[in-house]
Amino acid sequence: MKLSEIKEILPTLENVEFQLENGTFVPEHFHVTEVGQIIKNFIDCGGVIRKEKAVNFQLWNADDFEHRLKPGKLLSIIRLSEEKLGVEDAEIEVEYQNDTIGKYDLDFNGNTFVLKNKTTACLAQDACGIPSEKRNKNFSELTAKQSNSCTPNSGCC
């Protein structure tokens, strides 16, 4: 989800709720402690220099159980980050601490923002030496070569 999308969704909500992909909700007294832009300059294993930009939200749970972040407040934090930091429209990455700090993609299911598990991947698969996936064949597609096949009573087995 891009920053522009969350800005369109927030005014339609009464409450801001985040949920992990496994169905667990982020406690409703969470804080958004950071909104910013992350710029990542890196080189992949194939030697290609890359640059990625993401908008970063950090969620944090405190012991103030009466705290509730309203959609208007989150929208004002986003606008302030755009104004003061020059945050651009980009995909949102959410940091949230479970056992360790996790990074999640963001989605919306119509009611709740969903923290989607991120995965790693090789960006230079042609340079990695990892073979491409083999195509699965149906058994009926396989044809045995007559010279290498065994038949009953042929003496090959």
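I noted the basis. This is a predicted model, in which local features need pLDDT of at least 70 and side-chain atom pairs count only at pLDDT 80 or more, while totals for chains, interfaces and linings use all residues. Residues are numbered from 1 along each chain as its sequence is written, and side-chain values use heavy atoms, with hydrogens and water left out.

I kept the terms: strands (E, at least two residues) and helices (H or I, at least four) are DSSP runs numbered from the N terminus, and two strands pair if DSSP finds at least two bridges between them.

I then checked β5 (residues 101–108) and β6 (residues 113–117), which pair in the antiparallel sense over five bridges. Phenylalanine 108 has phenylalanine 113 in β6 as its bridge partner.

Next came lysine 118, which I found in the loop between β6 and α3 (125–128). Leaving aside neighbours within four places in sequence, lysine 118 is in contact (heavy atoms within 4.5 Å) with Glu93, Lys103, Tyr104 and Asp105. Aspartate 105 is 13 residues from lysine 118 in sequence and 6.3 Å away in space, C-alpha to C-alpha.

I last read the polar contacts (N or O atoms within 3.5 Å; within protein, one able to donate a hydrogen and the other to accept it, with residues adjacent in sequence counting only if both atoms are side-chain atoms). The lysine 118 side chain makes one with the side chain of aspartate 105 at 2.8 Å, and one with that of glutamate 93 at 3.5 Å.
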